[in-house]
Amino acid sequence: MDIELQGTILPHFKPEIPPFNKHNYINFSTFRIPSSSFGEGFPTTLARYKSLEVQCNNGQSVKYSAVSTNDNLKLPEFSFNRLQPSDQECDGLLKHHFGRYLAREAFLDEEYWTAAWLRAEAHWESVSYMRHVDVYKRKYAEQEFYALKRRCSGLDGNSLKCFCLVAVKREEKNVRRTVLNSVVGTLDLSIRQFLQGETYPGEKKTSSVVLASQEPFGTHKYAYIANVCVSKFARRQRIASNLLHLATDVATSSGMKQLYVHVNSDNKAAQDLYSKTGFKIVEGASSTVSNDQRLLMLKEL
């Protein structure tokens, strides 16, 4: 069954932000948003915005708010009727075929945007009943899109390289889908370097922001998975586990020996998913990012 993501993103792409009143105001400094379905959550800080022009399927242009006035990235023009890339266009990318789907690296701006939207929907899924939630999902997706582009451009702290992996519906004869109707899952895989004093990602005793020595090669580097999510219309089809399979292949081909992921301690489904794909809990490892109790899991490559 094809997923009509287009109806979710457009034409509701620019909802009106409601006027302030005490009944619909949300204080983001105290409001707790649940994390995504499969591990580490996403950043929730709202930044300054500027307008971005988007080309819609009906040929009209829509202007909406885009984040980060400090970004050096050139603002793209999305074409939401852009067709899914053909198999020939994806030559040279690491891929993993499974059933009706294909996992591979994203390379179109429209794929980055759809990945960001899936993450926004996963992030706000448990409070989908909340009034004006689509406004906050849109803002969240915009921010995640630019953050994702920065990460994949090598502009993210101790991350040496970042890949956005997506699961898409496989190409079929006489069937051409748009990107929006093709992408059903996503995750980030980053190649990172330990900071001085770290023995695992996010170790509490770390106080230095200086990278550990790079010698011998690979000793102080590791691979890290984050932002795993699958469209709610495509779950229970082994999409997440096959994305993890591809992430393992990419990490191995990059020379990494360790693959890490954080997961909430109360998310048993995610823990089972990672355990079945070869991850084990790192005892004693905990997060310094938030007050939520998270577990660190490791897969030796």
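Helix H2 (residues 109-124) lies across strand S4 (101-105), strand S5 (159-169), strand S6 (183-193) and strand S7 (221-230), and runs at about 95° to S6. Helix H4 (residues 239-253) lies across S3, S4, S5, S6, S7, S8 and S10, at about 30° to S6. Axes here are lines fitted to C-alpha atoms, for helices over the stretch in contact, and angles run from 0 to 180 degrees between N-to-C directions. Helices (H or I, at least four residues) and strands (E, at least two) are DSSP runs, numbered from the N terminus.

The model is predicted: local features need pLDDT of at least 70 and side-chain atom pairs count only at pLDDT 80 or more, while totals for chains, interfaces and linings use all residues. Residues are numbered from 1 along each chain as its sequence is written, and side-chain values use heavy atoms, with hydrogens and water left out.

H2 also packs against helix H3 (residues 133-152), with the axes 8 Å apart and an angle of about 130°. That angle makes H2 oblique to H3; angles under 35 degrees count as roughly parallel, over 145 as roughly antiparallel, 65 to 115 as roughly perpendicular and the rest as oblique. The crossing of H2 past H3 is right-handed, meaning that the near helix is turned clockwise from the far one by less than a right angle.

Overall, the chain has 5 helices and 10 strands. Of its 301 residues, 51% are buried, where buried means under 20% relative accessible area, exposed over 50%, and partly exposed in between (1.4 Å probe, protein chains only). Among contacts (heavy atoms within 4.5 Å) between residues at least 6 apart in sequence, 71% join residues at least 24 apart.

The sheet comes next. An open sheet of 8 strands has the order S3-S4-S5-S6-S7-S8-S10-S9, with mixed pairing. Its edge strands are strand S3 (95-98) and S9, each of which pairs on one side only. Two strands are taken to pair if DSSP finds at least two bridges between them.

| Strands | Sense | Bridges |
|---|---|---|
| S5 and S6 | antiparallel | 9 bridges |
| S6 and S7 | antiparallel | 8 bridges |
| S8 (residues 258-264) and S10 (residues 294-300) | antiparallel | 7 bridges |

Individual residue partners can be named within these pairings. Lys161 has Ile191 in S6 as its bridge partner, and Leu189 stands opposite Ile225 in S7. Gln258 is bridged to Glu300 in S10. S6 is mostly covered, with 11 of its 11 residues buried.

The loop between S5 and S6 holds Leu180 and also Asn174. Leu180 is buried, with a relative accessible area of 2%, whereas Asn174 is exposed at 77%. The C-alpha atom of Leu180 is 9.7 Å from that of Val168, and these two residues are 12 apart along the chain.

Which backbone angles stand out? Most residues other than glycine have a negative phi. Asn174 is not a glycine, yet has a positive phi of about 65°. Asn227 also has a positive phi, near 60°, and is a residue other than glycine. Asn227 is found in strand S7 and is buried, with a relative accessible area of 5%.

The loop between S6 and S7 contains Gly202. At 26% relative accessibility, Gly202 counts as partly exposed. Gly202 and Ala285 are 83 residues apart in sequence, but their C-alpha atoms are 8.1 Å apart in space.

Thr277 sits in the loop between helix H5 (268-276) and strand S9 (280-281). Is Thr277 buried or exposed? With 18% relative accessibility, Thr277 counts as buried. The Thr277 side chain makes polar contacts with two backbone oxygens: that of Leu273 at 3.1 Å and that of Tyr274 at 3.0 Å. A polar contact is a pair of N or O atoms within 3.5 Å; within protein, one must be able to donate a hydrogen and the other to accept it, and residues adjacent in sequence count only if both atoms are side-chain atoms. Not counting residues up to four places away in sequence, Thr277 touches Ser241, Leu244 and Lys299.
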